[in-house]
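Try each task before you read its solution.

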Amino acid sequence: MNDIADRMDILKRADQILGGRSEEPYDVMSVLMVAEFLARGDTEERASIIEMADGVLKSWEFEGCDIMDIIVVAEFLAGDRTESA
């Protein structure tokens, strides 16, 4: 995953994911958070996990959910985040 071209592809994919969420503006830190999540495994599988996390938060109808909330839920779904005490 050290190849620059691979990392550029991941950044582009992260930007596509965020661009599809037109209800809120996003910045470079949001793109990097999504890219870091995607870079931990199969990119397309992890992209679908982000979509699932976004769907979960929308179904709960929380006010003001942002990309950090989505990443935290996605990390939990992907098994990246262990139970916290």
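**Exercise 1. Describe how helices H1 and H3 pack.**

Step 1: Helix H1 (residues 4-19) packs with helix H3 (residues 43-60) at an angle of about 20 degrees, and their axes lie 11 Å apart. Helices here are DSSP runs of H or I with at least four residues, numbered from the N terminus; axes are lines fitted to C-alpha atoms over the stretch in contact, with angles from 0 to 180 degrees between N-to-C directions.

Step 2: H1 is therefore roughly parallel to H3, a label for angles under 35 degrees.

Step 3: The crossing of the two helices is right-handed, meaning that the near helix is turned clockwise from the far one by less than a right angle.

A word on the source: this is a predicted model, in which local features need pLDDT of at least 70, side-chain atom pairs count only at pLDDT 80 or more, and totals for chains, interfaces and linings use all residues. Residues are numbered from 1 along each chain as its sequence is written, and side-chain values use heavy atoms, leaving out hydrogens and water.

**Exercise 2. Find the residues through which H1 and H3 meet.**

Step 1: From H1, take Ile10, Arg13 and Ile17; they meet Thr43, Glu44, Ala47 and Ile50 of H3 (contact means heavy atoms within 4.5 Å).

**Exercise 3. Is Arg46 buried or exposed?**

Step 1: Locate Arg46 in helix H3.

Step 2: Its relative accessibility is 8%, so Arg46 counts as buried (under 20% relative accessible area; exposed is over 50%, partly exposed in between, with a 1.4 Å probe and protein chains only).

Step 3: Beyond four places in sequence, Arg46 contacts Phe37, Leu38, Arg40, Gly41, Ala78 and Asp80.

Technical notes: Parallel < 35°, antiparallel > 145°, perpendicular 65-115°, else oblique.
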